[in-house]
Amino acid sequence: QLQASGGGSVQAGGSLRLSCAASGRTFSNYHMGWFRQAPGKEREFLASIGWSGGSTYYSGSVKGRFTISRDNAKNTVYLQMDSLKFEDTAVYYCVADTRMLALRTDPSYWGQGTLVTVSS
């Protein structure tokens with residue numbers, strides 16, 4: 001089970017940190033990531049992090065502004081979002097998979113989503 005939190009409303013240029021707590025499985029066996037879905041748009045891959053935390057990857061739309069990290073001792077993955085833009089408004093989902101390629105395209109496990117609203 002993946003439980004995301006930390007969403008909310010923020011002005012453009014501001015920051016938010018999302019958290020996703022995992023339970024029920026061995027967290028350190030899974031690669032973790034984040035997707036988002038804006039109103040009227042398809043889900044978009046944002047970032048991934050390897051099971052050990054040593055490998056990160058970002059989509060072009062968030063690279064340099066968002067940072068993914070994980071704490072295996074706390075079974076939690078984070079997404080630090082800085083320099084937020086109006087177009088970052090979306091529901092954000094954490095995801096998990098044992099396969100990195102699948103994580104970025106069609107993850108096996110999804111959290112319930114947390115809403116981020118950026119006002120201009």
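Two strands pair if DSSP finds at least two bridges between them. Strands are DSSP runs of E with at least two residues, numbered from the N terminus. In E8, Thr76 is the bridge partner of Ala21. This is a predicted model, in which local features need pLDDT of at least 70, side-chain atom pairs count only at pLDDT 80 or more, and totals for chains, interfaces and linings use all residues. Residues are numbered from 1 along each chain as its sequence is written, and side-chain values use heavy atoms, with hydrogens and water left out.

Start with the sheet. Strand E3 covers residues 16-22 and strand E8 covers residues 76-81. They pair in the antiparallel sense over 6 bridges. Both belong to an open sheet of 4 strands, ordered E1-E3-E8-E7, with antiparallel pairing. Strand E1 (2-5) and strand E7 (66-71) form the edges, and each pairs on one side only. From one strand to the next, the twist averages 15 degrees. For such angles, axes are lines fitted to C-alpha atoms, and the angles run from 0 to 180 degrees between N-to-C directions.

Now look inside strand E3, where Ser19 lies. Is Ser19 buried or exposed? Ser19 counts as buried, at 17% relative accessibility. Buried means under 20% relative accessible area, exposed means over 50%, and partly exposed lies in between (1.4 Å probe, protein chains only). Leaving aside residues up to four places away in sequence, Ser19 touches Gln3, Ala4, Ser5, Trp34, Thr76, Val77 and Tyr78. Contact here means heavy atoms within 4.5 Å.

Next come the loops. Asn75 is found in the loop between E7 and E8. Asn75 is not a glycine, yet has a positive phi of about 55 degrees. Its relative accessible area of 28% makes Asn75 partly exposed. Ser83 sits in the loop between E8 and strand E9 (90-97). Ser83 also is not a glycine, and has a positive phi of about 50 degrees. At 42% relative accessibility, Ser83 is partly exposed.

Turn to the aromatic rings. A pair of aromatic rings is described by the distance of the centres and the angle of the planes. Rings of Phe, Tyr and Trp (its six-membered ring) pair if their centres lie within 6.5 Å; planes under 30 degrees apart count as stacked, over 60 as edge-to-face and the rest as tilted. By this rule there are 5 aromatic pairs. One of them is the tilted pair of Phe35 and Trp110, at 5.0 Å centre to centre and 55 degrees between the planes. Phe35 in strand E4 (residues 31-37) and Trp110 in strand E10 (residues 109-110) are 75 residues apart, and the pair links these distant parts of the chain. Phe35 is buried, at a relative accessible area of 5%, whereas Trp110 is partly exposed at 29%.

Phe45 and Tyr57 form a stacked pair, with 6.1 Å centre to centre and 25 degrees between the planes. Phe45 lies in strand E5 (residues 44-49) and Tyr57 in strand E6 (residues 56-58), so this pair ties together parts 12 residues apart in sequence. Phe45 is buried, with a relative accessible area of 13%. Tyr57 is partly exposed, with 41%. One aromatic cluster takes in Phe35, Phe45, Tyr57, Tyr93 and Trp110.

The criterion is NZ of Lys or CZ of Arg within 6 Å of the ring centre and within 35 degrees of the ring normal. The charged end of Arg104 sits over the ring of Tyr57, 4.2 Å from its centre. The charged end of Arg70 sits over the ring of Phe27, 4.4 Å from its centre.
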